[in-house]
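Have a look at the structure below, then try each task before reading its solution.

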Amino acid sequence: MMNVTDMLKGKVAVVTGGTRGIGFEIVRKFLEAGAKVALFGSRQETVEKALAQIKEEKADAEVIGLCPSLGEYSEVEKAILEVKDTFGQIDILVNNAGISARESIYDYSPEEFDKIMTLNVNAVFYCIRASVPFMKEQGGGSVINMSSMVSIYGQPAGCGYPASKFAVNGLTKSLARELGRDQIRVNAVAPGVTRTDMVAALPEEMVQRISSTIPLGRVGEPEEIANAVLFLASDLASYVTGAVLSVDGATQV
Ligand code: NAD
């Protein structure tokens with residue numbers, strides 16, 4: 001049986017949106033599993049704060065923080081190259097950064113729709129596009145995209161968010177088929193309602209209503225999502241590709 005501390009030994013991982021919430025838990029989990037990690041955040045200040053907390057918890061953590069604008073391919077390409085130059089390789093890419101909105105279609109501005117698509121879809125493509133040539137050259141890799149349970153059910157307002165997560169599943173399944181021959185696995189994790197800032201922004205009444213429909217009787221914890229990502233990133237998932245793994249307590253909306 002493999003110890004958690006050895007699961008990613010010698011691997012280098014990029015985690016987007018790694019400064020808080022689910023992404024931060026993934027960074028911590030990957031470091032615990034022996035990986036070197038580059039976390040991407042949206043602001044220098046939050047990146048510094050996340051790095052400081054990590055160093056406090058694990059002084060010997062091999063971690064760097066960058067804040068490329070994920071909506072600009074040239075910036076993403078530059079950041080991925082910087083990770084490769086710093087750590088010598090890129091084995092794992094976690095496309096976690098994402099935003100949500102719940103506007104009704106009657107109030108939904110085209111600008112807001114574009115903003116969601118830029119981060120939740122375009123940036124996923126950009127990060128994959130910039131990373132996979134290195135993975136191919138190294139003989140393989142693992143890409144994990146953060147989807148959502150809304151990619152299965154849709155949601156009754158804020159159509160841009162589920163649309164973006166359906167697109168994430170499409171990228172995942174298509175690229176798993178395209179990149180299999182290069183030994184690059186591509187999977188997605190579809191969390192249910194998880195206790196992060198994104199959920200804190202929802203009306204409490206809505207969180208409770210959702211919780212009451214969940215067979216496990218509660219919302220998920222960020223660490224429970226990170227555990228699934230760790231599995232998919234590791235060699236324990238060596239024959240898993242093209243999967244969208246639900247981590248949602250069997251939520252039925
Ligand atoms: P969060 O809001 O707590 O964190 C989002 C992360 O994305 C942050 O690190 C933030 O810095 C980053 N980010 C936001 N805008 C960015 C930008 N413009 N450029 C770069 N980075 C940016 O969210 P979370 O709940 O931890 O969600 C993480 C992922 O999980 C998202 O893709 C989200 O869609 C997905 N998800 C979350 C839930 C949930 O209930 N929390 C459920 C299903 C899926």
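Predicted model: local features only at pLDDT ≥ 70, side-chain atom pairs only at ≥ 80, totals over all residues.

**Exercise 1.** In which sense do strand S1 (residues 12-16) and strand S2 (residues 36-40) pair, and over how many bridges?

Residues are numbered from 1 along each chain as its sequence is written, and side-chain values use heavy atoms, leaving out hydrogens and water.

Step 1: Strands are DSSP runs of E with at least two residues, helices are runs of H or I with at least four, and both are numbered from the N terminus. Two strands pair if DSSP finds at least two bridges between them.
Step 2: S1 and S2 pair in the parallel sense, over 5 bridges.
Step 3: To see the pairing, find Val12, which stands opposite Lys36 in S2.

**Exercise 2.** Find the strands at the edges of the open sheet.

Step 1: Write down the order of the 7 strands, S3-S2-S1-S4-S5-S6-S7, with parallel pairing.
Step 2: Strand S3 (63-66) and strand S7 (244-247) stand at the edges; each has a single partner strand, so one side of each lacks a neighbour in the sheet.

**Exercise 3.** Describe how helix H4 (residues 110-138) lies against helix H6 (residues 160-179).

Step 1: Their axes (lines fitted to C-alpha atoms over the stretch in contact, with angles from 0 to 180 degrees between N-to-C directions) come within 8 Å and cross at roughly 15 degrees.
Step 2: That makes H4 roughly parallel to H6 (angles under 35 degrees count as such).

Note on methods:
Parallel < 35°, antiparallel > 145°, perpendicular 65-115°, else oblique.
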